[in-house]
Amino acid sequence: MSGADEVAQAMQKAGKVIATSHVNPDGDGVGSLLAATVFLQDAGKTVFSCLPDLRKYPPQYEFLPGREALLEPEALPESCDVFLALDCSNLSRLEPLEKAFRSAALTVNVDHHEDNTFFADVNYVDPTASSTAELVYRIAEAASWRLDGRAATCLYAGLVTDTGGFRHRNATPSAFMLAAKLAAAGVDVQGVAREIYESQSLPYTRLLGIALTRTQWEDDLRLVFSYVTQADLAETGATLAETEDLIDHLRRVKGAAVVALFKELADGSVRVSLRSGDRLEVGPIARLLGGGGHAMAAGYTTSKDLENSIVELKDALRDRHA
Ligand code: AMP
Ligand code: MN
Ligand code: MN
């Protein structure tokens, strides 16, 4: 039995499901979660969908069908038949929800991160999949759930964002085939692109300008980096939840081996996003510094302040080069 069949069977048996995705959610996190929500609701299940911190829901995904169903962790029931974690590589990615996870009769982990820790009872993990959205599609097929325009739109949002608009190496033939099926199911491809890529706020546009002006180049490491401070957020009125694609702008610099973006959090700690410019894999570097992710896109959070977190990354990169 395939992983998709196993998850489909578990879902078919369940009455009450809690579904969630990771902190600092991205397009694949919310897209796969909302698609699963729509599928499960249509299948007659009682679904409690939530995110570890709903306040950080990125505004560019507000338009997705099913968004209105998302709950705060406090609103979850005491127990459930199945707890479904989507796009989470380990349990700490859904930290405030650990109690709900422990109280579930069955836990299910659906993910495509290569560093997934197989933390659930049922683990459907496929690092060759473009996105968790692709895995949710396979589960829906195995369960014979009907694909309507709503679920297709959520899956497409996950697919298009995790492949960087079909530009990354996970833009595989099967990713393109899924895109075709989703388009055929009624996705407004232009509308989704407009919502996700052409609806940024004026405050974030100005913040982007500040961050791009600060871009630095570290010659020996071929490192391109910039940073965003709490003061920048206050000055522009932008929020960190809006900054998911900021690093993609830094990624456009020719010749970079590693691209990094440092984001100062409210408590002074720093969230670091890493992307591979070329062949050097950033996943192992993120893991070394306490985080994780994919080979070409990874991240971590450090308790160091902004200045020292930049030093910490440079040191880690130098050690790897040495
Ligand atoms: P981001 O830079 O936040 O877009 O994250 C890029 C990738 O790294 C995503 O696949 C995340 O799931 C993963 N990632 C980011 N931060 C962490 C972390 N602290 N622990 C594990 N994985 C992470
Ligand atoms: Mn994700
Ligand atoms: Mn993903």
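## An enclosed helix

Helix H4 (residues 132-142) is largely enclosed by the rest of the structure, because eight of its 11 residues are buried. Buried here means under 20% relative accessible area, with exposed set at over 50% and partly exposed in between (1.4 Å probe, protein chains only). Helices are DSSP runs of H or I with at least four residues, strands are E runs of at least two, and both are numbered from the N terminus. This is a predicted model, in which local features need pLDDT of at least 70, side-chain atom pairs count only at pLDDT 80 or more, and totals for chains, interfaces and linings use all residues. Side-chain values use heavy atoms, with hydrogens and water left out, while residues are numbered from 1 along each chain as its sequence is written and chains are lettered from A and ligands numbered from 1 in the order in which they are written.

The buried residues of H4 are Thr132, Ala133, Glu134, Leu135, Val136, Tyr137, Ile139 and Ala140. After H4 comes Ser144, with a positive phi near 55 degrees.

Now to the metals. Donors are N, O and S atoms within 2.8 Å of the metal (3.2 Å for Na, K and Ca), and sites may look incomplete because water is not among the atoms. Distant parts of the chain are linked here: Asp28 sits in helix H2 (residues 27-42) and His112 in the loop between strand E4 (104-111) and strand E5 (122-125), 84 residues apart. Both Asp28 and His112 are buried.

The manganese ion (ligand 2) is held by His22 (NE2), Asp26 through two OD entries, and Asp87 (OD), at 2.0 to 2.6 Å. Its donors follow the spacing H-x3-D-x60-D. His22 is buried, at a relative accessible area of 3%. Asp87 bridges the two manganese ions, ligand 2 and ligand 3, which lie 3.8 Å apart.

## The surroundings of ligand 1

Ligand 1 is surrounded by 13 residues, the closest being Arg93, His113, Ser273, Arg275 and Ala298. A residue is counted as near if one of its heavy atoms lies within 4 Å. Oxygen atoms of ligand 1 take part in several pairings: a polar side-chain atom of Arg271 lies at 3.2 Å, a side-chain N or O atom of Arg275 at 2.9 Å, and a backbone N or O atom of Gly299 at 3.3 Å.

The protein covers 85% of the 480 Å² of accessible area that ligand 1 has on its own. Strand E9 (270-276), strand E10 (292-293) and strand E11 (297-302) are the elements that give two or more residues to the shell. E11 provides the largest share, four residues. By type, the shell holds three nonpolar, seven polar and three charged residues.

## Cysteines without partners

How many disulfides are there? The count comes to zero, where a disulfide is a pair of cysteine sulfur atoms within 2.5 Å. For Cys80, the closest cysteine sulfur is in Cys50, 9.8 Å away and therefore too far for a bond. For Cys88, the closest is again in Cys50, at 10 Å, also too far. Cys80 counts as buried at 5% relative accessibility, and Cys88 counts as buried at 0%.

Definitions and conventions. A polar contact is a pair of N or O atoms within 3.5 Å; within protein, one must be able to donate a hydrogen and the other to accept it, and residues adjacent in sequence count only if both atoms are side-chain atoms. Accessible areas come from the Shrake-Rupley method with a 1.4 Å probe; for residues, only the protein chains shown count as cover. Ala, Val, Leu, Ile, Met, Phe, Trp, Tyr, Cys and Pro count as nonpolar, Asp, Glu, Lys and Arg as charged, and the others, Gly among them, as polar.
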